[in-house]
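Q: Please take a close look at one residue in this protein. Start with the whole chain, then zoom in.

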Amino acid sequence: MSLRTITRSTVGGYVKLLRLPLDAAVSLRPRNNGNEHARGTIALDRLEARVRGVAGRTLRDEELIRDAARRQAAADEREEAARLRAEASRRTSLAEERLSKRESEAEQHRRRASQRAAGRKQQADKRRTGESRRIAGVEARRRRATENAAAQKEAVIEDRSKRARLQQLDREADALARKEDALTAKSESQRLRQAATKAKAARKRA
């Protein structure tokens, strides 16, 4: 094992020792916010890369410098990935929010449409009820008019019948009166003839 290898191992152990409390602090942070936790880990990775880079330049160790560069690039990639995940999460949240808003608006639209339909149905029912009542009223008035016309016709017929009957009775009464007058005249004629006969017989006896 060369001195440079020992030096790298020493730097690595130092960096791990330096990160230990920091990693513990990051791990104690609430994990319900994944972005914050990832940013903390990436910050420590960047710090480690800088420490290794400084140590590599100080020790003129190209391997340490390249390792620091790789770690820095890896941290950049993880940061970009975290940013993309955060952006995707944000867009997903916005999409879900827009979807929820659309669903809420659609539900409100359906509710208003249902209310309008119910209102139109109620108005149609009222119109039908009113029209039925109007038709029933017209029919009732027509029926009453027909009944009144029939009653008036019957009254006219009955009145005509009564007048005809009265005229018939008047004619019959006139006929009876003429017959009575004729009988009375005949009876009076007979009485006068009898009286004349009696008078003539009385003169003869005298």
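**From the whole chain to one residue**

A: Buried residues make up 13% of the 206 residues in the protein. Buried means under 20% relative accessible area, exposed over 50%, and partly exposed in between, with a 1.4 Å probe and protein chains only. This is a predicted model: local features need pLDDT of at least 70, side-chain atom pairs count only at pLDDT 80 or more, and totals for chains, interfaces and linings use all residues. Residues are numbered from 1 along each chain as its sequence is written, and side-chain values use heavy atoms, leaving out hydrogens and water.

The protein has 3 helices and 0 strands. Helices (H or I, at least four residues) and strands (E, at least two) are DSSP runs, numbered from the N terminus. Along the sequence the pattern is α-α-α.

Now zoom in on R46. It sits in helix α2, residues 34-59. R46 counts as buried because its relative accessibility is 15%. What does R46 touch? Setting aside neighbours within four places in sequence, R46 is in contact with Q72, A75, D76 and E79. Contact means heavy atoms within 4.5 Å.

Next comes helix α3, residues 62-205. Its buried residues are L64, D67, A68, A75, A82, A124 and A140. One of them, A75, is among the contacts of R46.

Methods. The expected span of a helix is 1.5 Å times one less than its number of residues.
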